[in-house]
Amino acid sequence: MNQKINAGRIFIKGTAIFLLVEFIFLSFRPDLSLLNIYAPLGIKRTRFPTSTHAPEDAALDVGNLDAMFASHIVSQPKANGEFRVLLLGDSAMWGFLLPPEQTLSGQLNALNLTCGDKKIQVYNLSYPRSSATKDLMILDKAMNYQPDLIIWPVTLYTLMPKTRVDHWLIGQNLDELYSLDARFHFLPRSFPPESFSDKILGPQRALFRILRYQLYSLVNLATGVDQIQTTYDNVPTELPSELKFEGMNPPTVTPQQISIDEVQDFYLLAKNVPVILVNEPIMIAKGVPNSDIYYNYYYPRWVYDQYRQILGAAAAQNGWNYLDLWDKFSSDYYTNTPLHLNPEGERQFAAMLAPSIQKVCP
C-alpha cells in the first residue's frame, strides 16, 4: 500500500538537518585548507591565485588564506640545505602580466644565489593591490614555514591609512584580521566588529570559493600555466593637475598619514627573522604636461617626497635594513602601471637586491 508523502514533514526534516549541519560547521570552523587537491596532483603554485582575466579565471579569487597557502609551493617541507626567502608585496612583486619565471622571485632564483653551503630559494607570497594590513595577514601565516629572510617591498599606497582596511583579501579573512588586531591594535576605532551575517555567510562563501578553486586545478593541469596571459595598454603618460591627494592637501604630509606603525608591527611579527624593507621602484614621467608636479599618474611629487622622508627617517631611527630604489628605472621599463616592470626591469631589480640578500647570510 502506497504511503502518502507529507511534503511539509519532509521540508521540516530537511530544514532541521540543514540547520544541524550549519551549526556544526559554524561552531567548529573546520580548517578549509584540508580541501586541497593541488598537492596530490603535483601542481602546487609558485604564487598565490588571483583572477587576472575574469570571468574565465574567476575561480582563482579564492581569498581564503589557509586554502591559498595549502596550494602554494612554500607549504612543502623545507629542504635540507635551503635558505628560505619570502617575498611579500603588491601586484608588482606578484608579477602582473608576467609568467612566474620572469617575476622578481623567479629572476632571483635564476641567479642561483647561495648562503654559505645553502641554496637561496625565494618564494613569491605577494598579492595584488597595496596594503600593509594585507601583508601583515600573509606574514602571520607565512611564519609557520620557517623563513630565513623576508623581503618586503612597499610603496606609498601600501602605507596609506585607507589601505589598512580597504582590500578584498582582508574581508575574506576576518578571523585572522581580528586576531592580529588583538595583538597589534592597528585597526581604526571606527572599524566595525564582525557582523552576525559575516559569521553566518562568510564560511559559506569561503567553502564555495575553495571548492570552485579545486575544480580549476584541472585547467592548471591541462595547460601547465598558472594564469591566463592577457594584453595590456601602456601606462598612461597624461598626468593630473589636481594637487590634492587622497584627502591630503599640500604642502605637508603628517607622520600620522603614513602607517609607520604597521611597518613596526611587521618587524614585530617577523620576530628574529631578518627583514629587508624596500621602497619599490616607480615610474618617473618626464617631458609631459604636469610632470613638474606629478611623478606619474599615481603620485604627486609633494606627497611622495615626504613619504620617502618619513619612511627613511623611521628606518634610520629603528635600524631597519632599508633600500630606497624608487628612481632606479627609466619610464620605458614600465608596462601598464607606474609600478609594473617588464622582464628586463625585473632582472635588473633582482640583481640590485642580490647583494643585500647575501649580506644577511650568517
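**Entry 1: cavities**

I note here that the model is a predicted one.

I took the largest cavity and found about 60 Å³ of space in it. I then listed its lining. Arg47 and Thr52 belong to it, and so do Trp94, Gly95, Phe96, Leu97 and Leu98. Gln227, Ile228, Gln229 and Thr230 complete the lining. I sorted these residues by class and got five nonpolar, five polar and one charged.

Next I turned to the second largest cavity, which holds about 40 Å³. Its lining consists of Ala92, Met93, Glu280, Pro281, Leu339, Leu341, Glu346 and Phe349. By class I noted six nonpolar and two charged residues, with no polar ones.

**Entry 2: helix H8**

I looked up helix H8, which covers residues 174-184. Which of its residues are buried? I wrote down Leu174, Glu176, Leu177, Leu180, Asp181 and Phe184. They span an arc of only 155 degrees around the axis, so they sit on the same side of H8.

I also checked what comes after the helix. Histidine 185 follows H8, and its phi is positive, near 55 degrees.

**Entry 3: the sheet**

I traced an open sheet of six strands. Their order is E2-E3-E1-E4-E5-E6, and the pairing is mixed. I looked for the edges and found strand E2 (114-115) and strand E6 (321-324), each of which pairs on one side only. I reminded myself that strands of a sheet pair through backbone hydrogen bonds, either parallel or antiparallel.

**Entry 4: strand E4 and its partners**

I picked out strand E4, residues 149-154, and began with strand E1, residues 82-87. The two pair in the parallel sense over three bridges. Valine 85 stands opposite leucine 149 in E4.

I then went to strand E5, residues 275-279. Five bridges join E4 to E5, and these strands also run parallel. Here I found valine 154 opposite asparagine 279 in E5.

How many residues of E4 are buried? I counted six of the six, so E4 is largely enclosed by the rest of the structure. In a regular strand the side chains alternate between the two faces of the sheet. I looked at which way those of E4 point. Leu149, Ile151 and Pro153 point one way, while Ile150, Trp152 and Val154 point the other way. Residues on both sides are buried.

I moved on to the loop between E4 and helix H7 (168-171), where threonine 163 is found. Is threonine 163 buried or exposed? Its relative accessibility is 2%, and buried means under 20%, so threonine 163 counts as buried.

A polar atom of the threonine 163 side chain lies 2.9 Å from the backbone oxygen of methionine 160.

Technical notes: Residues are numbered from 1 along each chain as its sequence is written. This is a predicted model: local features need pLDDT of at least 70, side-chain atom pairs count only at pLDDT 80 or more; totals for chains, interfaces and linings use all residues. Side-chain values use heavy atoms; hydrogens and water are left out. On a 1 Å grid over the protein atoms alone, a cavity is a set of points where a 1.4 Å probe fits but cannot get out, and a pocket is an open set with protein on both sides within 12 Å along at least five of seven lines; lining residues have an atom within 4 Å of a point. Grid points are joined across faces, edges and corners, and a volume is the space filled by probe spheres set on the points. Ala, Val, Leu, Ile, Met, Phe, Trp, Tyr, Cys and Pro count as nonpolar, Asp, Glu, Lys and Arg as charged, and the others, Gly among them, as polar. Buried means under 20% relative accessible area, exposed over 50%, partly exposed in between (1.4 Å probe, protein chains only). Helices (H or I, at least four residues) and strands (E, at least two) are DSSP runs, numbered from the N terminus. The arc is that of the directions from the helix axis to the C-beta atoms. Two strands pair if DSSP finds at least two bridges between them. A polar contact is a pair of N or O atoms within 3.5 Å; within protein, one must be able to donate a hydrogen and the other to accept it, and residues adjacent in sequence count only if both atoms are side-chain atoms.
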